[in-house]
Amino acid sequence: MIDFNSLEYAQKLDNNDELRAYRERFHFPVIDNKEVIYFTGNSLGLQPKLVSDYIKQELDDWAKWGVEGHFHGKNPWFSYHEILTSKMARVVGAKDEEVVVMGSLSSNVHLLMVSFYQPKGKRTKIICEAKAFPSDQYILETQVKHHGLNPDDTIIEITPREGEELIHEEDIIKAIDETGDELALVMIGGVNYYTGQLFNMKNIAKHGHAVGAKVGFDLAHAAGNINLTLHDDNIDFAAWCTYKYLNSGPGGISGIFIHERHVTNKELNRFAGWWGQDKDTRFLMEKGFNPIPTAEGWQLSNAPVLLMASLNASLDIFDEAGMDRIGAKRDELTAYLEEIIHSISARNENVEFDLITPKDKTKRGAQLSIAAKGQGKALFDKLTKEGVIADWREPNVIRIAPAPLYNSFEDCYRFGQALERSIS
Ligand SMILES: Cc1ncc(COP(=O)(O)O)c(C=O)c1O
């Protein structure tokens, strides 16, 4: 039998991997003449090689047509975002009318809260996870203040239990049930950015709705990573960025989801812009906002085509590979990496690598957060010198995420070798 922690074994797994050829479609950074081991797709995905062609097409049409490119370009810019809608909807498990690609994540969450956080009477409270990504914390705090309320009395943070890192989902459910008719909104990161914990969105939505609250998710670490089923999960809204697992490039465009039961509701409060206006009357330039009866009705501005072209290159890869195959490889790759890390920990007395990410593959995606007990930042710095691009969080957590479209089992094996050499 071949040792699982060997190059031969890793290469055997790669040979059996249906998605192995996709690696060639991405640019891998090269440092000191060596291709890096890139495990930070949870922060910024790698560049698909075709991105430059997709962007060049739009630059060429701009050069050729000027403003007429809005109508006569190969992909008319007037409706460019529509090219992305179905592809994005397939990635997040939604209907086309529930999804639109627009704006940036933090501003989209604000816009969605304008529609879905409507405190009234005693129904004012928001439930979120403790230590949510800072942008989400600031969004909730300032939205609450915007309504003249006190964040300390209004925001209920669910923390992990004493001495633990992960949140017990039953604690979220209990808080929802107990807050009852005082609860206006549940707003949670679908996958926690620090621990990699994935929450059961369907169950949270069911309980939130049972007490009359709205339920939304920040899916920055879930889109393109988890096999999402947003429509069936019946959540009210979500937003995500596309520069992580969706490889759209730094500061790339965001996506939003609004459940179909809300998209035709023209009475919903919203902050409007001309691109959300009914398409037949938009260019009459008249008073009176009449929103498009799909998620497009939340758009403010015309399409940032160059950002969208870059995302389009990546979504074409997702469409071809399919989220089912991507998800299956994600689980195998992550489990293999986990096994390698545990074996290193078992062999080396001076270090204990404790994975704070859930062990259950239905409660995580590609990310593993390693608490490196007995080792400080020096370990991470050595890893970087070894050619590993990962992510360090004080006091001792290394976050890594093998991305199924471009990472290989060999990457996992080589990461293990580098990690073992880096232990002091
Ligand atoms: C969970 C989460 N929410 C929000 C953000 C903020 O995203 P943006 O800067 O695109 O608004 C990030 C960025 O990494 C994130 O990870």
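M285 counts as exposed because its C-beta atom has 8 C-beta neighbours inside 10 Å. The cut-offs are these: a residue is buried if 20 or more other C-beta atoms lie within 10 Å of its own, exposed if 12 or fewer, and partly exposed in between, with C-beta atoms placed from the backbone. M285 is found in the loop between helix 11 (260–263) and helix 12. Helices (H or I, at least four residues) and strands (E, at least two) are DSSP runs, numbered from the N terminus. Although M285 is not a glycine, it has a positive phi of about 55°.

This is a predicted model, in which local features need pLDDT of at least 70 and side-chain atom pairs count only at pLDDT 80 or more, while totals for chains, interfaces and linings use all residues. Residues are numbered from 1 along each chain as its sequence is written.

## Other backbone and loop features

Most residues other than glycine have a negative phi, and most peptide bonds are trans. N33, which is not a glycine, has a positive phi of about 65°. N33 lies in the loop between strand 2 (30–31) and strand 3 (34–35), and with 5 C-beta neighbours inside 10 Å it counts as exposed. The peptide bond from E394 to P395 is cis, with omega near 0°. P395 is found in the loop between strand 16 (391–393) and strand 17 (397–400).

D17 lies in the loop between helix 1 (7–15) and strand 1 (26–27). With 19 C-beta neighbours inside 10 Å, D17 counts as partly exposed. D17 and F409 are 392 residues apart in sequence, yet 9.0 Å apart in space, C-alpha to C-alpha.

## Two domains

The domain assignment divides the chain into domain 1 (7–35 + 323–422) and domain 2 (55–321); such bounds come from an automatic or database domain assignment. The C-alpha centres of domain 1 and domain 2 lie 29 Å apart. The contact between them takes 20 residues from domain 1 and 18 residues from domain 2. Two residues are in contact if their C-beta atoms, placed from the backbone, lie within 7 Å.

On the side of domain 1 that touches domain 2, helix 13 (323–347) and strand 14 (368–373) each supply at least two residues. Helix 13 gives the largest share of that side, four residues. By class, the side of domain 1 that touches domain 2 has ten nonpolar, five polar and five charged residues. Here Ala, Val, Leu, Ile, Met, Phe, Trp, Tyr, Cys and Pro count as nonpolar, Asp, Glu, Lys and Arg as charged, and the others, Gly among them, as polar.

## The largest nonpolar core

The largest nonpolar core has 114 residues, of which V92, I126, A238, I256, F257 and M308 touch the most other members. A nonpolar core is a set of buried Ala, Val, Leu, Ile, Met, Phe, Trp, Tyr and Cys residues joined through C-beta atoms within 7 Å. Helix 12 (residues 305–321) provides the largest share of this core, eight residues. Domain 1 and domain 2 each contribute at least three residues to the core.

Leaving aside neighbours within four places in sequence, I256 is in contact with V100, M102, N108, L112, A238, A239, A295 and W298. F217, in strand 10 (residues 214–218), counts as buried because it has 27 C-beta neighbours inside 10 Å. Not counting residues up to four places away in sequence, F217 touches I188, G190, M201, I235 and A238.

The expected span is 1.5 Å times one less than the number of residues in the helix. V51, E58 and D61 are buried in helix 2. Seen down the axis, the buried residues of helix 2 fall within an arc of 110°, so they line one face of the helix; the arc is that of the directions from the helix axis to the C-beta atoms. They pack against strand 5 (47–48), helix 3 (69–72) and helix 12. The face of helix 2 turned away from its buried side carries the exposed residues D53, K56, A63 and K64.

In helix 5 (residues 105–116), the buried residues are L105, N108, V109, L111, L112, M113 and F116. Their cover includes helix 6 (134–146), strand 9 (183–189), strand 10, strand 11 (237–241) and strand 12 (254–258).
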